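I opened my notebook to keep a record of what I looked up, one entry at a time. The sequence and the model come first, and my notes follow.

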Amino acid sequence: MHASVTPHAERDSALEPFQYDDAIVRKFVLATVLWGVVGMLVGLIVGLLLVLPSLDLDPRFVGFLDQPWLTFGRLRPLHTNAVIFAFAGNAIFAAVYYSTQRLCKTRMWSDKLSAVHFWGWQAIIVAAAVTLPLGFTQSKEYAELIWPIDLAIAVVWLTFAWNFFGTLAARRERHLYVALWFYIATVVTITVLHVFNNLVVPYSLTRGFSLYAGVQDAFMQWWYGHNAVAFFLTTPFLGLMYYFLPKAANRPVFSYRLSIVHFWSLVFIYIWAGPHHLHYTSLPAWASTLGMLFSVMLWMPSWGGMINGLLTLRGAWNKVAEDPILKFYVVAITFYGMSTFEGPLLSVKAVNALSHYTDWTIAHVHAGALGWVGFMVFGMVYWLLPRLFQTKLWSPAWMGWHFWIATIGIVLYIVPIYWAGITQGLMWLAFDDRGMLAFPEFIETLKRLMPFYWVRMIGGSMYMAGMLMCAVNLFMTWRTRPRQYEVVTHYAPALSKHYLDAPAERARLADAPVLEVGKKIDNVVQLNWHRRWERLPVRFTIWTIVAVVSASAFEIIPTFVIRSNVPTIATVTPYTPLEVAGREIYVSEGCYNCHSQQIRPLYAETERYGDFNLAGESVYDRPFQWGSRRIGPDLARVGGRFSHNWHIRHLVEPKSVVPGTIMPNFPHLLTSPYAANELTAMLSALRTLGTPYSQAQVDGAAELAAVQARRIRDEITLQDGAEAVPPGFETSQMVAIVAYLQRLGVDRYRDPALPSPMDSLVAELQGGSLERTEQ
């Protein structure tokens, strides 16, 4: 290891030596590119799973695709988690570790904590890659990981926070640069979001039930889901922009004042916007309307960041034409501006009525993820490679080709999906001249989308090719690294000494009372108060927490405290044990990725699916299953619409009952048993959460499930003959999921004079026991 030689004259006794830890940055950069390749490869596979069923494939290949871990419902969460938390997450940490050390003029507070953070995060990613395809999921968008992994995330994230704030405390630079503000907001807000959205009562080592149910669970999920995008995919990348863009352009940030307004308005307003994802659902209208208003307001601070980024390049546009790194940044910031204009647009109720549940949302998300996040990461990685590996970039030409291939790929990806989404929305809402649904069969819309999905595959493949070019460039650059990295020793005064040497500055920022009104106003306008906050990280962090928590509390507390927000329905009763097991299988198979369970009060939807949903219908749903996309029809009223045998055939081989469907086959449901031995633990956990099960029902859960399974078997035998009952059906996962599907939407219309499904089973079980005793 070689340290730089500093002239003796420069080594003042008041100066302290320090070295930056670039080894941890190298590790995170390598992990970023590795997981980027993996996550995008899974994305290509998921895209193929949507189009391959439309082809006439070899039966042997179809049989291979029938593997449960290869279904769309299980792989889509793996793709989203890999891209968000593995690719983008590692990029965030690389940016934070590199820039924080230099902005604070100090090494990270603890090398050991850095190592724990890096290896802990990679272990979490591997755990996600194993568990999600195996069907272990919470079914909450962007929060699918099971509770043991959630605990690990909390520990590793707090380790990162400890190291980060320890570095701020040990800094040698008094002023906190704007990038650090966004890092602070990210660290504290993600902590709050992760903890409160993932509260569960476990019933096994891998599964548990959400602390919230129905409307409240939906609210908490989209409070988390929207702000995960805000504080994991926006604020840290704005921090990245504020550090790496000026470095790459060799220009100062355009406006310090704009960065202040941009930061605080973004932090405070963003946290309110989540409920706009639930327009026209069972969520109280006041909540979604409030979310819409703040979403529209969010456009202004978001574009403040875009303007600050683009105008930072003033006087440097000639460099943009020559430097692919700056090209990546310019396109990224442009996509940020497009996405943050489109987001408020999609939050408007009139637009949301058309766009919600369609591929328009998918296009919007990918424009932000591939354009804003992806291109910011690529620009940062290419800028860092020569500096981290202390050698020239292997191929600047490949970097330039990567930019153009990825840019064309994005266009070919998002344009057809925007088109597909608008097509979906218009077809779902269309009526003919007689006032009837113009496209009454859901499959008609699906067939219309196949050409768009194929074009998307071309665009996604091009973006993936660019990702592979980046990986090769990194690997070849790494191969030309020196045998030993040069470790430069820097010198800077300790913070206290440096600060005491500036009495004039200290006096200017002091909190001495100002008597004249004019001076008070001038002090506010000149932002002296903020300059002082920037030198007080604890105060800055506290005010950031106040902004986030206060905004959250104004929405969350009324949703939970005011009972009229979730009115109950007398005929809606808890699920039976077999239905609980079936619901867990529904969640495990990822059915929520394709089907919604929420009919909106739109005439087209009520004509297609039935009466719109009320809040009281989902009070026992933990977690809620309203969904966010419809590749298949809504299932909120599917109970009783089809026979048991129809459901069996539809799940084993969907095309046999719905020609043209792209739904995967689920033959394993007939050969895998439902978890009868866990039913008592399931009902016990639900009872702890307030579901009104008696202790006798909890203790007899397995017996009650067996009674219902025999009942379903007998009904199939009566309708279709004994040969229609598959072997082992009574103990299979198939009987459980059929029981669950047949329950959906029927309680609201049940005669209150009749016993509930649970009471009926209890009576049948007790009657059978009495009959056996008499015999």
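How many of the residues of helix 29 are buried? I looked this up with the caution that the model is a predicted one, and I found that eleven of the eleven residues of helix 29 are buried, so that the helix is mostly covered under the cut-off of 20% relative accessible area. The buried residues I listed for helix 29 include Q733, Y740 and R743. Just after helix 29 I noted G745, which takes a positive phi of about 85°.

Entry on helix 24. I then turned to helix 24, which is mostly covered as well, with seven of its nine residues buried. I wrote the buried ones down as H644, N645, W646, H647, I648, H650 and L651. When I asked what these buried residues pack against, I found helix 25 (668-671), helix 28 (701-720) and helix 29 (733-743).

Between helix 23 (603-609) and helix 24 (644-652) runs a loop, and I found W626 in it.

Entry on K327. I located K327 in helix 12 (residues 324-347), and I noted with some care that K327 is buried yet has no salt bridge, since the nearest side chain of opposite charge, D323, is 7.1 Å away, whereas a salt bridge has to lie within 4 Å. What does the side chain of K327 reach at 2.8 Å? It is the backbone oxygen of A321, and a polar atom of the K327 side chain also lies 3.2 Å from the backbone oxygen of V320. Leaving aside neighbours within four places in sequence, K327 is in contact with V320, A321, E322, F403 and W404.

Entry on rings. I counted 60 aromatic pairs in the model. One of them is F118 with W119, whose ring centres are 4.8 Å apart and whose planes stand at 80°, and because an angle over 60 degrees counts as edge-to-face, I recorded the pair as edge-to-face. F118 counts as buried at 6% relative accessibility, whereas W119 counts as exposed at 55%. I also looked for charges over rings, and found R481 over the face of W478, at 3.9 Å from the ring centre, and R630 over the face of Y357, at 4.0 Å from the ring centre.

Entry on positive phi values. K105, in the loop between helix 3 (72-104) and helix 4 (111-131), has a phi near 50°, a positive value in a residue other than glycine. S139, in the loop between helix 4 and helix 5 (147-169), has a phi near 70°, likewise positive in a residue other than glycine. I noted K105 as partly exposed, with a relative accessible area of 34%, and S139 as buried, with a relative accessible area of 7%.

Methods
Residues numbered from 1 in each chain as written. Heavy atoms only, no water. Phe/Tyr/Trp six-rings, centres within 6.5 Å; stacked < 30°, edge-to-face > 60°. Buried < 20%, exposed > 50% of the residue type's maximum accessible area, 1.4 Å probe, protein only. Lys NZ or Arg CZ within 6 Å of the ring centre and 35° of its normal. Helix = DSSP H or I, 4+ residues; strand = E, 2+ residues; numbered from the N terminus. Lys, Arg positive; Asp, Glu negative; His and termini not counted. Polar contact = N/O pair within 3.5 Å; in protein donor to acceptor, adjacent residues only side chain to side chain. Contact = heavy atoms within 4.5 Å.
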